[in-house]
Amino acid sequence: MPKSAAKPFLGESPDPWLSSQRLYPPYVWSEVFGRSSPVEVDLGAGDGVYAEARAKRESDRNFIAVERLLGRATKIAKKAIRNQLTNLKVLRLESAYFIKNLCAKSSLDAITVRYPDPWPKRRHHANRLLQKEFFEDAAQAVISGGCMKLTTDDREYFEWAQKEAEKCSAWVPDLSWTGVDEPTSEFEELFAKEGREVYRKAWRKR
Ligand SMILES: C[S@@+](CC[C@H](N)C(=O)[O-])C[C@H]1O[C@@H](n2cnc3c(N)ncnc32)[C@H](O)[C@@H]1O
């Protein structure tokens with residue numbers, strides 16, 4: 001079978017997909033990307049507008065977009081292929097599982113979380129991504145001096161996440177981060193049109 005018939009979606013482009021079937025062991029990023037460069041992760045990446053912009057702008061860095069919905073993950077993969085972005089990979093998986101089980105110790109430079117699902121009802125708070133256990137797992141995966149960046153329109157979740165971060169001594173607030181250099185994302189555009197307030201916070205790993 002000709003190569004193009006076996007993988008019609010990819011054509012001659014490098015494959016941006018990481019397998020959602022891989023549940024163990026952690027990845028070796030230099031093998032995944034074929035080079036040793038800083039690795040950043042965008043969790044709940046949506047349609048990948050932000051990850052695509054970062055990968056285009058910073059070709060010297062590697063990016064992984066993690067998204068649980070297949071339709072959205074596929075849009076990210078198409079963006080990587082269309083733009084021949086060899087420094088952008090996409091994984092359809094649950095974010096917390098990915099950080100805990102598929103990221104080796106001190107293997108990430110930064111984690112970005114933009115507009116995470118807020119789960120506003122108290123009885124659903126356990127579903128929130130940014131809770132103590134996640135900060136602890138993320139502290140294992142991120143290098144010393146690396147960072148975690150949160151952008152959200154949900155004030156209550158924003159305050160809740162800060163309290164959860166305080167329970168994990170590995171993270172200290174990075175008061176110098178304003179987020180002004182950050183590219184936009186699909187939900188950022190959406191919420192800007194609605195005139196919603198945006199809350200941003202970064203933490204630095206000790
Ligand atoms: C409100 S959207 C924000 C998307 C994007 N970050 C943006 O700023 O446009 C939240 C996204 O996170 C994804 N998501 C929610 N929980 C997730 C989880 N536990 N693991 C992976 N993706 C998740 C959703 O499917 C959705 O695409």
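Me: Over how many bridges do strand 3 and strand 4 pair?
Reply: This is a predicted model, where local features need pLDDT of at least 70, side-chain atom pairs count only at pLDDT 80 or more, and totals for chains, interfaces and linings use all residues. Residues are numbered from 1 along each chain as its sequence is written. Strands (E, at least two residues) and helices (H or I, at least four) are DSSP runs numbered from the N terminus, and two strands pair if DSSP finds at least two bridges between them. Strand 4 covers residues 88-91, and its parallel pairing with strand 3 has four bridges.

Me: And which residue of strand 4 stands opposite Ala65?
Reply: Strand 3, helix 4 (residues 70-82) and strand 4 make a right-handed β-α-β unit; right-handed says that, with the strands pointing away from the viewer, the path from the first strand over the helix to the second runs clockwise. Across the pairing, the residue facing Ala65 is Val90.

Me: What about strand 2, which of its residues stands opposite Ile64?
Reply: Strand 2 (residues 39-43) runs parallel to strand 3, joined by five bridges. Here too there's a right-handed β-α-β unit, with helix 3 (residues 49-57) between the two strands. Opposite Ile64 sits Val41.

Me: Which residues of strand 3 point the other way from Asn62, Ile64 and Val66?
Reply: In a regular strand the side chains alternate between the two faces of the sheet. Strand 3 spans residues 62-66, and five of its five residues are buried, buried being 20 or more other C-beta atoms within 10 Å of a residue's own, with C-beta atoms placed from the backbone. Pointing the other way from Asn62, Ile64 and Val66 are Phe63 and Ala65.

Me: Is Val113 buried or exposed?
Reply: Val113 belongs to strand 5 (residues 108-114). Its C-alpha lies 8.4 Å from that of Thr152, although they're 39 residues apart in sequence. Because Val113 has 22 C-beta neighbours inside 10 Å, it counts as buried.

Definitions and conventions: Buried ≥ 20, exposed ≤ 12 C-beta atoms within 10 Å, placed from the backbone.
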